[in-house]
Amino acid sequence: MKKYFITLNAILLSTGVTIAQKINFEEYNLPNGLHVILHQDNSAPVVTTTVMYHVGAKDDLPGKSGFAHFFEHLLFEGTKNIPRSKWFDIVSAHGGDNNAFTDVDKTYYYETLPSNNLQLALWMESERLLHPVINQIGVDTQKEVVKEEKREGTDNVPYGKIIYMPVVQNHLFDKHPYKHPTIGSMEDLNSAKLDDFIRYNQRYYNPNNAVLVVAGDFQKEQAKHWIETYFAPIQNHVEKPVRNYPMDAPITQTKKVTDYDANITAPAKVLAWRTPKMTEQDARVMDFIQALLANGESARLYKKMVEEKKEVLQFISYTCNYEDIGILMIAAVAQNAPLEQLTKDMDDEIKRLQTELISEKEYEKLLNQFETNFIATNSNVQGIAYSLAIDYTFFKDTNLINKELDLYRKVTREDIRRVAQKYLNPNQRLEIDYLPEKSQTKK
């Protein structure tokens, strides 16, 4: 599925809110364990309904990779009362849009509709939970969809195994299930039986493993009545999942590997580190570090290695703040320099970050970037709904939406230097020489 978020035409453009204002919400639990969060904003006639399930690729069983992502597709096939393949048509016919996405920790579904269709959205999401149709025709259909998504999104995209992470995850982790990419392996999906998918649904798609968020233009008492009507009768198949996944020992010696890509002509040097999990304040500091080093044309590495030395064509970089542990990845695509030189130049900038405080000017620019991004993310009801779901599911603090910007503002220049010193040493990282596949055939 396409990733969050799609804009609901012109109507959604009028739903902006100022994040400086407190985001008000009400939350409660149904007896079956479903957590409900309501954010009422009657400034525009639009409402977003979302359900976040606390299940992602890390919950895929050995030999059954890709199940979490597969279910994101499968549960649009239809339900007992929604005809097969008509989900999107129904939402569109009522003036809305909807979609879903999966990552290593979660699966997220949403509908954004004119506010007079809230009842429809709630009924549809309850149908997905209560009456999913999981049959052989749906499984076979979605297997082909996922195969094509894998081909188009990863396998045949230049640097796709870096951008979408499978090569990084595979080498960065040995034991933790973050080792396996979200899309999974086609071998595992092809070998899976219908009963495997039915059992997976019973294990994870339960009220006690989900949070329902309604944000936008609605009346609370009416919304609560519909939620009670549609969701309260749903029973759990099993107890709430308890997770205790194996953690990898710290990396204490540089892991050097070589990987190949048939879709590229220019090699790349990839550096990747394990970083703090999402609930730690140092994860926010790491976001600052990634932005400072490699995020955009004003970043230090871009200025030095693309503009000044002209030895790099582009940088691919991200931080992943996950539930159990995070990732920082920086990849430099070579223009006319050996990979060893790229490593040295990147290390020089990282060392400078570890030994010198960044300037006040750089710090203020970073802080402004994060404030702008945070406000943009939470400037409409779709963004607010997503933030509320994340904050409850992973931080156990729904009100974090009203505090997180201050937590970013608390990051100091000294924090940036300290975290760089703690996590970004050469002996703590993965190094990948990412080469055109023809390099492999010449050896």
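Predicted model: local features only at pLDDT ≥ 70, side-chain atom pairs only at ≥ 80, totals over all residues.
Me: Where does His 73 lie?
Reply: His 73 is part of helix α2, which covers residues 67–74.

Me: Is His 73 buried or exposed?
Reply: His 73 is buried, because its relative accessibility is 4%, and the cut-off for buried is under 20%.

Me: Which side chain does the His 73 side chain make a polar contact with?
Reply: The partner is the side chain of Glu 149, at 2.9 Å.

Me: And how far apart are His 73 and Glu 152?
Reply: Their C-alpha atoms are 16 Å apart in space, and 79 residues separate them in sequence.

Me: Changing topic: how many residues has the largest nonpolar core?
Reply: That core has 49 residues, and Leu 122, Tyr 205, Ile 227 and Phe 231 have the most contacts inside it. Helix α4 (residues 118–130) supplies the largest share of this core, six residues. Apart from this core lies another, of 40 residues, including Val 312 and Ile 358.

Me: What does Phe 231 touch?
Reply: Leaving aside residues up to four places away in sequence, Phe 231 touches Leu 30, Asn 32, Leu 34, Leu 122, Glu 125, Ser 126, Leu 129 and Leu 212.

Me: Now the helices. At what angle do α13 and α17 pack?
Reply: Helix α13 (residues 339–355) and helix α17 (residues 413–423) pack at about 125°, and their axes are 7 Å apart. The angle therefore makes α13 oblique to α17. The crossing of α13 past α17 is left-handed.

Me: Which residues meet there?
Reply: From α13, Leu 353, Gln 354 and Thr 355 meet Ile 416, Arg 417, Ala 420 and Gln 421 of α17.

Conventions
Residues numbered from 1 in each chain as written. Heavy atoms only, no water. Helix = DSSP H or I, 4+ residues; strand = E, 2+ residues; numbered from the N terminus. Buried < 20%, exposed > 50% of the residue type's maximum accessible area, 1.4 Å probe, protein only. Polar contact = N/O pair within 3.5 Å; in protein donor to acceptor, adjacent residues only side chain to side chain. Core = buried A, V, L, I, M, F, W, Y, C linked by side-chain atoms within 4.5 Å. Contact = heavy atoms within 4.5 Å. Axes fitted to C-alpha atoms, helices over the stretch in contact; angles between N-to-C directions. Parallel < 35°, antiparallel > 145°, perpendicular 65-115°, else oblique. Left-handed = near helix turned anticlockwise from the far one by under 90°.
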